Amino acid sequence: MARRSADPDCNGRCGSGLRRSDRFLQGLHAAKRVIFVSHIHPDPDSLGSMLGLAHLVQHRLGKPTVMTRDGPIARPENRAMVEVLKLDLKPIESIDWREEDAVVMVDSQPNTGRHSQPYTQRLYAVIDHHDTPGDLTGVPFVDIRSSHGATCTVVTRYLIEQQAPIPERVATALLYGIETEMTGYPREAGPADDEALLFLYPLADKDRIAQIRNARLPQSHFGCLLQALQSSFIYDRLIISWVDEMPHPEHAAEIVDFMIRFDQVDWAVCGGVCGQKFVLSLRAAIENAHAGELLQQVVGDMGRAGGHDRRAGGCIPLTSTAPSTIDELQARLRRRFLKALGIEECRGQRLVPLRNILQNLQS
Ligand SMILES: [Mn+2]
């Protein structure tokens, strides 16, 4: 079970009188090197958190740091973030792990199926904000604040507590990390996130943010979007979109971020085949949606899922445990989503009527 921070907003001072950032730094004194890890396909929140903490460790302890990348980064905005801010990320599989390393995991928790490596032996710290608990047994330093919209908000707090000067590049990464976690309405954010944004805004490079936010899109983006539009069915307040082949898992998130703005639904699901996996993304446009738990329930023992109140993601390995065909898998997922949301089994309504699609194909 997760050890939750008893009081997520005790101004950083808990129990011992030490602030959490003090305890975080204190535990790193013996380390020769600090390695930051995050979840697969790192997003802006994990990238910003790694950069912010690496800066804190360098500034306060003068120790070498390594930022890693677990799997490729495909979402165009995230790639732009890496390029524009010149983030030096080492592929996780290229790290030569040493006994004297301290490993810090951000924006995710061990044993949640979101990593390609088993870290349980050598983790020093886990700093995260996800609802879905991982296995934190034996991790000396844990700071999980599910009341915070972003891990970057926690990291910004550490930097403020430690009075570390924040360079423009670090502020830009942290700001963008928080911003991306707060997209959508209702926002998944609290006062701590707004406070961090206000603090970072004057320090960040707004032109660079605009450049990242408006990253140019590859052709595959439009192909996936077209497939999703053509396959979208509405069931009461739920819309489900399937994509046959996704070049990158992030396409599912891009599609639901778009679909959830449809004014007739409160829930958007996108599922698609990406290599040997069936990738799922879920969004809710209502509060107290518990999207992470809902997706976990739907995926069940077929795969892994997790997330936040209004945003969740998951994946199902396309192996023997899954139904033999994609159609069967889609049907099973659809039934489970309807059941989990208390929607009666019904024929879906196409988002785009078939005659429009056929007319377009003929012309
Ligand atoms: Mn996050």
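This is a predicted model: local features need pLDDT of at least 70, side-chain atom pairs count only at pLDDT 80 or more; totals for chains, interfaces and linings use all residues.
**Entry: the R311 pair**

I looked at how these two side chains meet, and they form a salt bridge, 2.7 Å from N to O. R311 sits in strand β12 (residues 311–317) and E181 in helix α5 (residues 168–181), so the pair ties together parts that are 130 residues apart in sequence.

**Entry: the manganese ion**

E181 turned up again when I checked the metal. Which residues coordinate the manganese ion? I get D45 (OD), D107 (OD), H129 (NE2) and E181 (OE), at 1.9 to 2.3 Å. Along the chain, I read the donor spacing as D-x61-D-x21-H-x51-E. D107 is in the loop between β4 (101–106) and β5 (123–128), while H129 is in the loop between β5 and β6 (141–144), so this pair ties together parts that are 22 residues apart in sequence.

Why does D107 count as buried? Its relative accessibility is 1%, and the cut-off for buried is under 20%. I noted H129 as buried too, because its relative accessibility is 1%.

**Entry: other salt bridges**

I wanted the total next, and the count comes to 17 salt bridges. One of them joins D143 and R20, with the closest N and O atoms 2.6 Å apart. I placed D143 in strand β6 and R20 in helix α1 (residues 20–26), so the pair ties together parts that are 123 residues apart in sequence. Both D143 and R20 are buried.

Then I turned to D266 and R237, whose side chains meet in a salt bridge at 3.1 Å, N to O. D266 lies in the loop between α9 and β9, and R237 in the loop between β7 (233–235) and β8, so here the parts tied together are 29 residues apart in sequence. I have R237 down as partly exposed, because its relative accessibility is 33%.

I also came across a network of salt bridges that links R33, D96, R98 and D101.

**Entry: helix α9**

How many of the ten residues of α9 are buried? I find eight, so to speak a mostly covered helix, spanning residues 250–259. The buried ones are E250, H251, A252, A253, E254, I255, V256 and M259. I looked up what covers them, and the list includes α3 (76–84), α8 (219–231), β8 (238–243), β9 (267–274) and β10 (277–284).

Methods:
Residues are numbered from 1 along each chain as its sequence is written. Side-chain values use heavy atoms; hydrogens and water are left out. Buried means under 20% relative accessible area, exposed over 50%, partly exposed in between (1.4 Å probe, protein chains only). Helices (H or I, at least four residues) and strands (E, at least two) are DSSP runs, numbered from the N terminus. Contact means heavy atoms within 4.5 Å. Donors are N, O and S atoms within 2.8 Å of the metal (3.2 Å for Na, K and Ca); water is not among the atoms, so sites may look incomplete. A salt bridge is a side-chain nitrogen of Lys or Arg within 4 Å of a carboxyl oxygen of Asp or Glu.
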